[in-house]
Amino acid sequence: HSSRMAKSKFEYVKKFEQHHVCLPNTWMVLRLDGRCFHRFAEQHNFEKPNDDRALGLMNKCAEAVFREFSDIVIAYGQSDEYSFVFRKDTNLFTRRESKIVSTLTSYFAASFVFHWSEFFPTVTLLYPPTFDGRIVLYPSRDNIRDYLNWRQADCVCVVVHAGLKWLLRGQTVHLALPIYSQPFTGLVFAYSVVSIRLVVMVLAQVWLF
């Protein structure tokens with residue numbers, strides 16, 4: 001097909017294609033985010049505040065991406081997002097941004113559907129989930145470390161907020177105040193959960209609503 005196209009008078013249309021190449025010698029981070037996952041979770045009756053099935057499925061998808069693309073050195077997830085950090089010297093798809101984003105995002109989404117029944121054997125998938133992806137470049141090791149710290153700090157905040165919100169559901173203000181007066185205990189517990197997942201799995205994921 002390509003040889004016939006090379007002899008075609010229509011080949012000039014390829015000149016309109018543009019390929020943005022990521023800068024060399026930089027850390028590439030691909031971050032995937034679920035689209036409208038609050039609605040998706042409600043319509044598929046995910047358990048609150050955490051659904052171990054959903055958490056396991058997201059980790060399974062990340063693991064599949066991790067194994068398929070060997071240039072990924074770490075994956076970190078929280079809520080409905082996952083970040084994949086590539087080796088600084090990776091030349092995957094000659095560092096073409098659109099190729100990397102489209103391929104890994106579609107692979108993650110396809111894995112979500114492919115493995116759905118393993119984690120939700122009694123729940124019918126009502127419609128396909130969708131994810132968006134973006135690539136951010138970081139020039140130094142400090143930058144990439146701070147990026148991961150940023151995502152974990154955000155995760156801890158969401159864990160504490162969602163956990164307390166769930167604990168206080170349906171309670172009066174008088175009952176709520178004593179619980180809020182001990183935020184230190186809740187923070188330590190939430191941070192420990194996140195830290196353990198990161199150390200044990202590397203593919204860290206906390207699913208929250």
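A search of the whole structure finds twelve salt bridges, a salt bridge being a side-chain nitrogen of Lys or Arg within 4 Å of a carboxyl oxygen of Asp or Glu. The model is predicted: local features need pLDDT of at least 70, side-chain atom pairs count only at pLDDT 80 or more, and totals for chains, interfaces and linings use all residues. Residues are numbered from 1 along each chain as its sequence is written, and side-chain values use heavy atoms, with hydrogens and water left out.

Side chains of opposite charge can pair when their charged atoms come close. One of the salt bridges joins arginine 53 to aspartate 51, at 2.7 Å from N to O. Aspartate 51 is buried, at 1% relative accessibility, and arginine 53 is partly exposed, at 24%. Here buried means under 20% relative accessible area, exposed over 50%, and partly exposed in between (1.4 Å probe, protein chains only).

Arginine 87 takes part in a salt bridge with aspartate 71, at 2.8 Å from N to O. Arginine 87 lies in the loop between strand S3 (81-86) and helix H4 (97-114), and aspartate 71 in the loop between helix H3 (52-68) and strand S2 (72-78), so the pair ties together parts 16 residues apart in sequence. Helices (H or I, at least four residues) and strands (E, at least two) are DSSP runs, numbered from the N terminus. Aspartate 71 is buried at 14% relative accessibility, while arginine 87 is partly exposed at 30%.

Arginine 87 also meets aspartate 89 in a salt bridge, at 2.3 Å from N to O. Aspartate 89 is exposed, with a relative accessible area of 55%. Elsewhere, salt bridges with shared partners join Arg31, Asp33, Asp132 and Arg134 into one network.
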